[in-house]
Amino acid sequence: MKINNDNIILDTDPRIRTKSERVKLPLSKEDEELLDAMITYVRNSQDDELAEKENLRAAVGIAAIQLGIPKQLIAVSVPTEEGSDEFALANPKIVSESVQNAYLAQGEGCLSVLEEHQGLVYRHARITVTGYDLLRKENIRIRANGYTAICLQHEIDHLSGTLFYDRINKDDPWKEDPEAVVIG
């Protein structure tokens, strides 16, 4: 299975708001192939040459619902100084979160959202996520902060039909939280 921009549904498609269903473990061959295609999309989208050749938009994550498939599957590849934080997760769940907020200085974007949405998107500065990771072939517990934590929360939000701009304060989009960690 190969994924490109033609497979990604936009926020104008009501399916993007669908709640995703848990998948059975061990993963079916179909779910493994889908998750593998998702992590491949994200990795390849970060290579300018491959992205142009294969019709990909730059991404650090993708959820199955963005392909119109309501399954609890997400893939994340966040470049780091050491290489990258990569996860191909089935049934990811945030099991703990910090009280302190964080947000990306330049704002968030999404493969399913073409229109720009101005405002601060507050998320938890630190989270712990559990789920089955296809890359490691085992259930894992991830303690994340910074950009990786933001990306994981963004993708996990998709599983409940939530988009990043739903988290922008409608009355005061630039409302400051002096305690928040600014990333980037």
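Trainee: Before we start, what does "partly exposed" mean here?
Mentor: A residue is called buried when its relative accessible area is under 20% and exposed when that area is over 50%, and partly exposed is the class in between. Keep in mind as we go that this is a predicted model.

Trainee: Okay, so where does D47 fall, buried, exposed or partly exposed?
Mentor: D47 has a relative accessible area of 33%, so it belongs to the partly exposed class.

Trainee: Which residues go with it in the surface patch?
Mentor: The patch is a negative one, and D47 forms it together with D48, E49 and E52.

Trainee: Switching to salt bridges, how many are there?
Mentor: Searching the whole structure turns up 11 salt bridges.

Trainee: Give me one. What does D166 pair with?
Mentor: D166 makes a salt bridge with R17, and the closest N and O atoms of the two are 2.5 Å apart. Since D166 sits in the loop between α3 (146–158) and β8 (181–183), while R17 sits in the segment before α1, the pair ties together parts that are 149 residues apart in sequence.

Trainee: How accessible are those two?
Mentor: D166 counts as partly exposed at 32% relative accessibility, and R17 also counts as partly exposed, at 36%.

Trainee: What about a pair within a helix, say E33 and K29?
Mentor: Those two form a salt bridge whose closest N and O atoms are 3.1 Å apart. Both residues belong to helix α1, and because they are 4 residues apart there, about one helical turn separates them.

Trainee: Is that pair buried or exposed?
Mentor: The two partners fall into separate classes, with E33 partly exposed at a relative accessible area of 40%, whereas K29 counts as exposed at 64%.

Trainee: Now E108, which residue is its salt-bridge partner?
Mentor: E108 forms a salt bridge with R123, with 2.7 Å between the closest N and O atoms. This pair links distant parts of the chain, given that E108 lies in the loop between β4 (101–104) and β5 (123–124) and R123 lies in strand β5, 15 residues apart.

Trainee: Are E108 and R123 buried or exposed?
Mentor: Both E108 and R123 are buried.

Trainee: Which residues are in the network with them?
Mentor: Salt bridges with shared partners bring D157 and R167 into one network with E108 and R123.

Key:
Residues are numbered from 1 along each chain as its sequence is written. This is a predicted model: local features need pLDDT of at least 70, side-chain atom pairs count only at pLDDT 80 or more; totals for chains, interfaces and linings use all residues. Side-chain values use heavy atoms; hydrogens and water are left out. Patches are made of residues with over 30% relative accessible area and no salt bridge: like charges are joined within 9 Å, nonpolar side chains (Val, Leu, Ile, Met, Phe, Trp, Tyr) within 5 Å. Accessible areas come from the Shrake-Rupley method with a 1.4 Å probe; for residues, only the protein chains shown count as cover. A salt bridge is a side-chain nitrogen of Lys or Arg within 4 Å of a carboxyl oxygen of Asp or Glu. Lys and Arg count as positive and Asp and Glu as negative; His and the chain ends are not counted. The place of a charge is taken as NZ of Lys, CZ of Arg, CG of Asp or CD of Glu. Buried means under 20% relative accessible area, exposed over 50%, partly exposed in between (1.4 Å probe, protein chains only). Helices (H or I, at least four residues) and strands (E, at least two) are DSSP runs, numbered from the N terminus.
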